[in-house]
Amino acid sequence: MVSTTTTATTTAPLPTTAMALGDLATYDEEQVRLMGEKCILINRDDVKVGYESKKNCHLMTNIQQGLLHRAFSVFLFDHAGRLLLQQRSDEKITFPDCYTNTCCSHPLNTPSELEEGNNAIGVRRAAQRKLGHELGIPSDQLPLDRFQYLTRIHYLAPSDSVWGEHEIDYILFYRATSPAQDVTLNVNPNEVKSVRYVTPAELKQLLTDAQDGKVLITPWFRLICEKFIFQWWAQLDNLNAFIDTKTIHRM
């Protein structure tokens, strides 16, 4: 995978052919609107090099030329230690109908979400925002200091011949430690088709079903499950032992 070569304040010019691809006319109106959001372009070391629209960040023609952006994946657990999964809506332009972790999205090129340091404060703000947008969780149920930033993964995956992902993905855990801390959900059907809490055994069965072609799962979720999730899950009370914010795992 090749890093971008843009400067700190501008984006690299995108190929005309790439701009012409990905005609959005046939897609859901709200999902098309969201494709105009500005994602943060980074190099392989997760240093900001510019910004670009969500649409252009997800075109495979641009990804194949090295365009790379910042993302996050939230894993939210209830007080019983069950993991909240979502199934992406059929309206999603990338990876529709796929099961995935609680919330997966991007910090945007805004002052509050660009802020680095302080345990990835900008990414945590973006996670709080998107948990509200996708799952309707009130922000006062998601205090920023309870998001635990564990590590980052770098991966590339096509959704189809036009769209895909190429991200450095911040892994965030969020756990309720009492019934009073469990979140309330008001799911946005434009974003999310279904939700379910699962135990480790139930997640393993879902992964088996995906291998058998019975359900779809997102590629980043599969990678995280294969390498990390079950060892982390077994130590929810001792996650400090797994914090590794210096490493970018190339997957």
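## Second largest cavity

The second largest cavity has a volume of about 30 Å³. The structure is a predicted model, and two cavities of 30 Å³ or more are counted in it.

The lining of the second largest cavity is formed by Glu37, Lys54, Ser105, His106, Leu108, Arg129 and Lys130. By class, this lining comprises four charged residues, two polar residues and one nonpolar residue.

## Largest cavity

The largest cavity holds about 180 Å³ of space. Its lining consists of 21 residues, and those nearest the centre of the cavity are Lys54, Arg88, Cys104, His106 and Glu165. Lys54 and His106, listed here among the residues nearest the centre of the largest cavity, also belong to the lining of the second largest cavity.

Several secondary-structure elements contribute to the lining of the largest cavity. At least two lining residues come from each of the strands β3 (69-77), β6 (103-105) and β8 (164-175), and from the helix α6 (121-135). The greatest contribution is that of β8, which supplies three residues. Sorted by class, the lining of the largest cavity contains nine charged, six polar and six nonpolar residues.

## Helix α6

Helix α6 covers residues 121-135. The helix has 15 residues, so at 1.5 Å a residue α6 should span 21 Å; the C-alpha atoms at its ends are 21 Å apart, in agreement with that value.

The buried residues of α6 are Ile121, Gly122, Val123, Arg124, Ala126, Ala127, Lys130, Leu131, Glu134 and Leu135. One of these, Lys130, is also a lining residue of the second largest cavity. Gly136 follows α6 and has a positive phi, near 70 degrees.

Lys227 is located in helix α8, which comprises residues 219-233. Is this residue buried, exposed or partly exposed? The relative accessible area of Lys227 is 45%; buried means under 20% and exposed means over 50%, so Lys227 is partly exposed.

When neighbours within four places in sequence are left aside, the residues in contact with Lys227 are His249 and Met251. Met251 is 24 residues from Lys227 in sequence, and the C-alpha atoms of the two residues are 9.6 Å apart in space.

Terms used
Residues are numbered from 1 along each chain as its sequence is written. This is a predicted model: local features need pLDDT of at least 70, side-chain atom pairs count only at pLDDT 80 or more; totals for chains, interfaces and linings use all residues. Side-chain values use heavy atoms; hydrogens and water are left out. On a 1 Å grid over the protein atoms alone, a cavity is a set of points where a 1.4 Å probe fits but cannot get out, and a pocket is an open set with protein on both sides within 12 Å along at least five of seven lines; lining residues have an atom within 4 Å of a point. Grid points are joined across faces, edges and corners, and a volume is the space filled by probe spheres set on the points. Helices (H or I, at least four residues) and strands (E, at least two) are DSSP runs, numbered from the N terminus. Ala, Val, Leu, Ile, Met, Phe, Trp, Tyr, Cys and Pro count as nonpolar, Asp, Glu, Lys and Arg as charged, and the others, Gly among them, as polar. Buried means under 20% relative accessible area, exposed over 50%, partly exposed in between (1.4 Å probe, protein chains only). Contact means heavy atoms within 4.5 Å. The expected span of a helix is 1.5 Å times one less than its number of residues.
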